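The sequence and the structure come first.

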Amino acid sequence: MTSVRVARDPCRVLIFDTTLRDGEQAPGCTMSLAEKVAVAEQLLRLGVDVIEAGFPAASRGEQEAVAAVADRIARADDAPIVCGLARAAAVDIETCALALDAAPRRRIHTFIATSDLHLERKLRMS
């Protein structure tokens, strides 16, 4: 099997949308599962390249919402990448991978605390 590398346009801007995750950070700005799927469908119609669907390890409801978005996007002809957020911890990464399973193109966006305060107090590191 040979791999074909597609040339990418260096002038093309890729859109990484965080509405379904970061958009819920403001007080009172929560969405139901149906609303999240509806927003994901609109992002699909807009041609967004990457949809960050949520933070599955945050709650069972968030895991279900990310899975629903991944499932809906999986049925699209030209599916964007569906992304989930995870702390750099095995349980978060596994939960995220399970939630994203239906998406044909998926990504796990990992993070770790890096401020001196977080390192010392939260991670007990120097």
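## The enclosed strand β3

Six of the seven residues of β3 are buried, so the strand is largely enclosed by the rest of the structure. The model is a predicted one, and this holds for every value below. Strand β3 covers residues 81-87.

On one side, β3 is joined to β2 by four bridges, and the two strands run parallel. Within this pair, Val50 stands opposite Ile81 of β3. Six bridges join β3 to β4, again with parallel direction. Here Leu85 has His109 of β4 opposite.

## Overall layout

The protein chain holds five helices and four strands. Read from the N terminus, their sequence is β-α-α-β-α-β-α-β-α. The C-alpha atoms fill a box of roughly 45 × 40 × 30 Å along the principal axes.

Of the 126 residues in the chain, 33% are buried. Among contacts with a separation of 6 or more, 65% are between residues 24 or more positions apart.

## The sheet

The four strands form an open sheet in the order β1-β2-β3-β4, and the pairing is parallel. The edges are taken by β1 (16-17) and β4 (106-111); each has a single partner strand, so one side of each is left without a neighbour in the sheet. Strands of a sheet pair through backbone hydrogen bonds, either parallel or antiparallel.

Helix α3 lies across β2 and β3. Its direction is at about 150° to that of β2.

## The nonpolar core

Which residues touch the most other members of the largest nonpolar core? They are Ile51, Val69, Ile73 and Val82, in a core of 20 residues. Two or more residues each come from α2 (33-46), β2 (50-54), α3 (60-74), β3 (81-87) and α4 (90-99).

Setting aside residues up to four places away in sequence, Val69 touches Leu20, Lys36, Val37, Ala40, Ala53 and Val82.

The buried residues of α4 are Asp92, Thr95, Cys96 and Ala99. Viewed down the helix axis, these residues fall within an arc of 100°, so they line one face of α4. An α-helix has 3.6 residues a turn, so residues three or four places apart point the same way. The cover over the buried residues of α4 includes α3, β3 and β4. On the other side of α4, Ala90, Glu94 and Leu98 are exposed.

Asp92 belongs to helix α4. Is Asp92 buried or exposed? Its relative accessibility is 3%, and because the cut-off for buried is under 20%, Asp92 counts as buried. The side chain of Asp92 makes a polar contact of 2.6 Å with the side chain of Arg87. Apart from neighbours within four places in sequence, Asp92 is in contact with Phe55, Ala57, Ala86 and Arg87.

Arg12 lies in the segment before β1. With 47% relative accessibility, Arg12 counts as partly exposed. The side chains of Arg12 and Asp49 are joined by a polar contact of 2.8 Å.

Key:
Residues numbered from 1 in each chain as written. Predicted model: local features only at pLDDT ≥ 70, side-chain atom pairs only at ≥ 80, totals over all residues. Heavy atoms only, no water. Core = buried A, V, L, I, M, F, W, Y, C linked by side-chain atoms within 4.5 Å. Buried < 20%, exposed > 50% of the residue type's maximum accessible area, 1.4 Å probe, protein only. Contact = heavy atoms within 4.5 Å. Pairing = 2+ DSSP bridges. Axes fitted to C-alpha atoms, helices over the stretch in contact; angles between N-to-C directions. Polar contact = N/O pair within 3.5 Å; in protein donor to acceptor, adjacent residues only side chain to side chain. Arc of directions from axis to C-beta.
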